[in-house]
Structures are given as C-alpha cells and as structure tokens.
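Thanks for coming, everyone. Let me put the model up on the screen, and then I'll talk you through it.

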Amino acid sequence: MKDNFLKLKNLLLGSKQIVITTHRGPDGDAMGSSLAMCHLLRQLGHHVTIITPDDYADFLHWMPGDKEVLIYLDDKDKAIKITKEADLIFMMDFSQISRISEFSDTVSVSQATKIIIDHHQDPDKSIADIVFSDTSASSTSQIVYEIFESIEFNWCIDQAIAECLYVGIMTDTGSFKYPNTNEKTHLIISKL
C-alpha cells in the first residue's frame, strides 16, 4: 500500500479536474468521506465535483459542501460532461462498479485515473488504477483520514473536513458501538 500513497501524492501535484462519486443511496460514511476528500482536494487547488448516483437522506444535507453535490439522476448531461473531462475519479465507499447504478456506464469508459477508497469485502481491482482497501477499518472515512496522514496532508484538516470525517466514522460504527470500533478509531476521533 505504501506505493499507492506515493502514486496518489504524485497524482495530486498540479491542478486537476476531479470527480468524486459514491454508491447509490449514500449513507453518512459515503457522504462524509466524499465531502472530506473534496474539501482537501480543493485546498490543494483542484477543481472537484462530487456526483452521487441519486439523492441521500435529508439528515445529511447540513454537511459542509452539501449544496455543491451534483445528483446524477437530476442532471445526467452535466454529470456525463464533467466526468468525461475528469483527470481523476475517486470512487468512495464501494467496491463494485454496479453500486453506482446508471452512472457506472459513464465512469467505466472514462479515461481518467480511477482510485477506489473503501472498507468493504472483495474490491474489484479491475475497475481502478489505485486501490485503498482495508476491511479492518471502521469506515471509508477512517481510511481517508489515514491517507491524509500517510501522504502528509493532515495539516489541511480544517473544521469542515473534521466534521465530514466524524460523521462518516460515527455513522458507520453505530455511534462507536459496533465491533468495527477499535483503539485506532477512537484515536482518530479524538484528533478530529
């Protein structure tokens, strides 16, 4: 995985057009990890669009950056155009391309470098150029935090990023009650 950290850090040099997407019916971890990544990438000077396959629960619409999320089903033409122009596509919190429904047709044919960040079983490594997968992680948001630390971008973590990551970790651990909650989870939460 060390090679992947270096590859990602090098990919983030210079301004890029970036799309971040996540699974249909995005939950707190899907939106938290996506929005956190979006905020960090924008701090680094990238042009970033989050495209979700469909809408998500109302209780997540307070999160920083929510107003700029593009919902594929609401504006397919715009989503397709942006994706065709992307240099990088981050695929957050899913391991199979089918999890993004109709949007998978557009993502599959894109020439962009694709990066999976996920904590679910059996990631389809054939759909991505770089894969960050850790089934022992409490959430994709936890993996995102660990990536930020590993590529030495944790100095970018501001309140917006911290809130988004916190939501992702909190929701995917059932408010820190599920067995996937461990010492590392609590340490990250204390830093956030």
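**A walk through the model**

Let's start at Arg24: leaving aside its neighbours within four places in sequence, Arg24 is in contact (heavy atoms within 4.5 Å) with Pro53, Asp54, Ser98, Arg99, Ile100 and Ser101. You'll find Arg24 in the loop between strand S1 (17-22) and helix H2. Its relative accessible area is 36%, so Arg24 counts as partly exposed; the cut-offs are under 20% for buried, over 50% for exposed and partly exposed in between, with a 1.4 Å probe and protein chains only. Arg24 and Lys81 are 57 residues apart in sequence and 20 Å apart in space, C-alpha to C-alpha.

Quick word on the ground rules. This is a predicted model, where local features need pLDDT of at least 70 and side-chain atom pairs count only at pLDDT 80 or more, while totals for chains, interfaces and linings use all residues. Residues are numbered from 1 along each chain as its sequence is written, and side-chain values use heavy atoms, with hydrogens and water left out.

Okay, the overall picture. There are seven helices and six strands; these are DSSP runs numbered from the N terminus, with helices being H or I of at least four residues and strands E of at least two. Going along the sequence, the order is α-β-α-β-β-α-β-α-β-β-α-α-α. The radius of gyration (over C-alpha atoms) is 15 Å, close to the 16 Å from the globule rule (2.2 Å times the number of residues to the power 0.38) for 192 residues, so the protein is as compact as a globular protein of that length. The C-alpha trace spans about 45 × 35 × 30 Å along its principal axes. Of the 192 residues, 54% count as buried. And if you take contacts with a separation of 6 or more, residues 24 or more positions apart account for 67% of them.

Now the inside. In soluble globular proteins, nonpolar side chains tend to be buried together. Which residues touch the most other members of the largest nonpolar core here? Out of its 41 residues, they are Leu12, Ile20, Met37, Leu41, Phe90, Ile117 and Phe132. By nonpolar core I mean a set of buried Ala, Val, Leu, Ile, Met, Phe, Trp, Tyr and Cys residues joined through side-chain atoms within 4.5 Å. Helix H2 (residues 28-43) gives the most to this core, seven residues. Take Met37: beyond its neighbours within four places in sequence, Met37 is in contact with Ile20, Phe90, Met92, Ile117, Val144 and Phe148. There's also a second, separate core of 18 residues, with Val107, Ala112, Ile116 and Ile127 among them.

Two of those Met37 partners, Val144 and Phe148, take us to helix H5, where both are buried. Nine of the eleven residues of H5 are buried, so this helix is largely enclosed by the rest of the structure.

After H5 comes Glu152, with a positive phi near 60 degrees, in the loop between H5 (140-150) and helix H6 (159-172). Is Glu152 buried or exposed? Exposed, at 52% relative accessibility.

Asp122 also has a positive phi, about 50 degrees, although it is not a glycine. Asp122 sits in the loop between strand S5 (113-118) and strand S6 (130-133), and is exposed with a relative accessible area of 59%.
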